[in-house]
Amino acid sequence: MQSIEFKRPDGRAARGELATAERPLGAVVVIQEWWGLNEQIRGVARRFADAGFTALVPDLYRGKSTVEAEEAHHLMSGLNFGEAAQQDIRGAVQYLKALKAGSGKVGVTGYCMGGALTVLASTMVPEADAAVVWYGLPPLEYVDAGKISIPLQAHWATQDQAFAIENVDGLEAKLKDAGVRYEGHRYQAHHAFANETAQGRGRIPMTQYDAAWAQMAWDRTMRFFGAVLS
């Protein structure tokens, strides 16, 4: 991973970490969970790079990260989601576009808090070519589905105590009404089922890693990004 600096649309500097694919098919912006830019999300970026997608993780917390749920909630509560989507994430997409990795197309993906930001970015980042959401969504009143012009894939956990499946129903209804090119997948799993650190004594009770579902969701993500970005 390489620490880099990129420009936001407003001209301000932002930082992130870049994992470069050896023979890129395209590129992906990877958005952190509420923990911050930590080793787990770096691992996700490296996995994308190994699969052929140069990956950039924007540092939304400006160098801060935590393993404590209370502090993570505090950090997330202090984040301006609209600004993060329109400035940091859009700037990251623009940076990757300028790299012209592989096809030159850039996707956006994120987990938990990052999933919610991915939904917002799909409405606010015109340069993005596709998006994959992992178990996270913003309040529905903030989602202008009519502004989503890119293909969208999502992975939801039916037993998610952080993002209730009933709210997913509402989001999917909005996407359908707007004619969004969308495919949603549901797993009999708990929140953060794709985060390998969400197991053992260190996990918070509402999370639970599930290797089988995580692999299935990853394979679907790879097929999707392979089809729309390469």
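How many salt bridges does a search of the whole structure find? I ran the search and got 14. The model is predicted, so I treat every value here as computed from it.

**Entry: the buried pair**

I started with arginine 8 and aspartate 88. Their side chains meet in a salt bridge, with N to O at 3.0 Å. Where do the two residues lie? Arginine 8 is in the loop between S1 and S2, and aspartate 88 is in helix H3, residues 81-99. The pair therefore ties together parts that are 80 residues apart in sequence.

The cut-off I applied for buried is under 20%.

**Entry: two other salt bridges**

I looked up arginine 42 and glutamate 39. They form a salt bridge, and the closest N and O atoms are 3.5 Å apart. Both residues sit in helix H1, three residues apart, which is about one turn of the helix. An α-helix has 3.6 residues a turn, so residues three or four places apart point the same way. Glutamate 39 has 46% relative accessibility, so it counts as partly exposed.

The side chains of aspartate 144 and lysine 147 also meet in a salt bridge, at 3.9 Å from N to O. The limit for a salt bridge is within 4 Å. Aspartate 144 is partly exposed, with a relative accessible area of 37%. Lysine 147 is exposed, at 54%.

**Entry: the sheet**

I traced the strands next. Eight of them form an open sheet with mixed pairing, in the order S1-S2-S4-S3-S5-S6-S7-S8. Which strands stand at the edges? They are S1 (2-7) and S8 (182-187). Each has a single partner strand, so one side of each is left without a neighbour in the sheet. Ignoring direction, neighbouring strands are turned by 20 degrees against each other on average.

I checked one pairing in detail. Strand S3 (residues 26-31) and strand S5 (residues 106-111) pair in the parallel sense, over five bridges. Alanine 27 has valine 106 in S5 as its bridge partner.

**Entry: helices on the sheet**

Helix H1 (residues 39-50) packs on the sheet and touches S2, S3, S4 and S5. The direction of H1 makes about 160 degrees with that of S4. I tested the length of H1. At 1.5 Å a residue, its 12 residues should span 16 Å, and the end C-alpha atoms are 16 Å apart, which agrees. Which residues of H1 are buried? I found Gln40, Ile41, Val44, Ala45, Phe48 and Ala49. The cover over the buried residues of H1 includes S2, S3, S4, S5 and H6.

Helix H6 (residues 211-229) lies across S3, S4, S5, S6, S7 and S8. H6 runs at about 170 degrees to S6.

**Entry: the nonpolar core**

I listed the largest nonpolar core. It has 80 residues. Those with the most contacts inside it are Val29, Val30, Phe48, Tyr111, Leu117 and Phe225. The largest share, seven residues, comes from H6.

Beyond four places in sequence, leucine 117 touches Ile31, Leu60, Leu79, Phe81, Ala84, Ala85 and Ile89.

Leucine 171 is in helix H5, residues 165-178. Leucine 171 is buried, with a relative accessible area of 2%. Leaving out residues up to four places away in sequence, leucine 171 touches Val119, Leu137, Leu140, Val143 and Trp156. I took the C-alpha separation to leucine 137, which is 34 residues away along the chain, and got 8.2 Å.

Last, I looked up glutamine 32, in the loop between S3 and H1. Is glutamine 32 buried or exposed? Glutamine 32 is buried, with a relative accessible area of 0%.

Methods: Residues are numbered from 1 along each chain as its sequence is written. This is a predicted model: local features need pLDDT of at least 70, side-chain atom pairs count only at pLDDT 80 or more; totals for chains, interfaces and linings use all residues. Side-chain values use heavy atoms; hydrogens and water are left out. Two strands pair if DSSP finds at least two bridges between them. Helices (H or I, at least four residues) and strands (E, at least two) are DSSP runs, numbered from the N terminus. Axes are lines fitted to C-alpha atoms, for helices over the stretch in contact, and angles run from 0 to 180 degrees between N-to-C directions. Contact means heavy atoms within 4.5 Å. A nonpolar core is a set of buried Ala, Val, Leu, Ile, Met, Phe, Trp, Tyr and Cys residues joined through side-chain atoms within 4.5 Å. Buried means under 20% relative accessible area, exposed over 50%, partly exposed in between (1.4 Å probe, protein chains only). The expected span of a helix is 1.5 Å times one less than its number of residues.
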